[in-house]
Amino acid sequence: MQGFVDIIQGFLDLGATVILPVAIFLLGLLFGQKPGKAFRSGLTIGVAFVGIFLVVDLLVNNLGPAAQGMVDRLGVELNVIDVGWPATSSIAWASVVAAFIIPLGLAVNVIMLVTKTTKTMNVDIWNYWHYTFMAAMVYAISGSIIQGLIAAVLFQIVCLKVADWTAPMVSEFYELPGVSIATGSTISYAPGIFLVQLLQKIPGVKNWNADPDTIQKRFGIFGESIFIGLFLGAAIGFLAGYNAGEVIEIGMAMAAVMVLMPRMVKILMEGLMPVSESAREWLSKRFGDREIYIGLDAAVALGHPAVISTALILVPITVVLAVILPGNALLPFGDLATIPFIVAFIVGGARGNIVHSVIVGTVMIALSLYIATDVAPIFTEMAINTDFNMPEGSTKISSIDQGGNLVNWIIFKLFSLFN
């Protein structure tokens, strides 16, 4: 068993830039593409994700220290540390249930496709770690691998159904036809779409509009995404107490993110479209005119400037929320740079309206802080059981991403009722 787990872990350690091209290549062959064409599609998508994650690293490496600077300036003292998604995923994959998740997840996805209970073929295998963490949490309270795997399947089903539901919005707003997003952290914030719809019915509030196009019309050249990135990045640097040079540096980094990310997503679509077309042809021959979405990482939605703009505004808001919310014990840090991923559906639901996205994002993040605080004891126990190196001076850990995940929390609480 341990040998199999090591093989799985070794494959996952290769990351999305290797896993996704392999998956797309195999899909291309399955749908009747010639090997050369399938290989080119996979390679192009791999190159695109290399670019996307380089830009994400640029975002993370600049936002992380700035967030720490804001926390230090506020003198926040909270006893649960947000360790971020990288640490959370490592805890998940170190669980005894981890070896079962990928084969089980693939089987469930195939069964749902065959039975027409989903339209999403999720090739984002790397993000199966969300299912693994769900299983590990339930295993931690029950000692039952079976219960853990059932919990993981329930989590996956919710992710696939929400991916189906949001796919038309992903196609229309993000201009990603044939793509759906089943990433666990993004799925958790899908209820924010209903809050957006409610907000846009409130007299007065519904007219508060600040999408990238409106901003550019009002401010001309200074309303372009590159200037928005520069301004928001510099504002975060200022709030972090940076000196003038560092403020300019983080402003330039965020301007670069705004410009480079859309270009990387265009390369991604160049590789994905041939596979999508082949999939539709293959499926129409066998099952009639049936629509199938290819499930990808939520990183594909980061190409829209409204997503990055909303996320940058929410970074300082999240830090302030952590300070003022009564009962919150989570010190946000590791997942502050994950905010662009978790607000993607909210921004899409708001059709790029940054004002509405920030308002709803604030409500949803406040909820995540409370959920992450609530699961901190079991989160910490799981980390200790997997010999995770706890942050110096910390007694409890959690995360905004999966620790504060609404779907994860609801399923966990259901299993807690009889364990």
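**Terms and values**

Tutor: Helix 9 passes helix 16 in a right-handed crossing. The model is predicted, so local features need pLDDT of at least 70 and side-chain atom pairs pLDDT 80 or more, while totals for chains, interfaces and linings use all residues. Residues are numbered from 1 along each chain as its sequence is written, and side-chain values use heavy atoms, without hydrogens and water.

Student: Why is helix 9 called oblique to helix 16?

Tutor: Helix 9 (residues 192–199) and helix 16 (residues 354–374) pack at an angle of about 130°, with axes 10 Å apart. Under 35 degrees counts as roughly parallel, over 145 as roughly antiparallel, 65 to 115 as roughly perpendicular, and the rest as oblique. Helix 9 is therefore oblique to helix 16.

Student: Which residues of helix 9 and helix 16 make the contact?

Tutor: Contact means heavy atoms within 4.5 Å. Gly192, Leu195, Val196 and Leu199 of helix 9 meet His356, Ile359, Val360, Val363 and Met364 of helix 16.

Student: What makes helix 4 and helix 6 oblique to each other?

Tutor: The axes of helix 4 (residues 84–93) and helix 6 (residues 129–142) cross at roughly 60° and come within 8 Å. Helix 4 and helix 6 are therefore oblique. Their crossing is left-handed.

Student: How do you know that strand 1 pairs with strand 6?

Tutor: Two strands pair if DSSP finds at least two bridges between them. Strand 1 (residues 80–82) and strand 6 run parallel and are joined by 3 bridges, so strand 1 and strand 6 pair. Val80 has Lys396 of strand 6 as its bridge partner.

Note on methods
Axes are lines fitted to C-alpha atoms, for helices over the stretch in contact, and angles run from 0 to 180 degrees between N-to-C directions. Helices (H or I, at least four residues) and strands (E, at least two) are DSSP runs, numbered from the N terminus. A crossing is left-handed if the near helix is turned anticlockwise from the far one by less than a right angle, and right-handed if clockwise.
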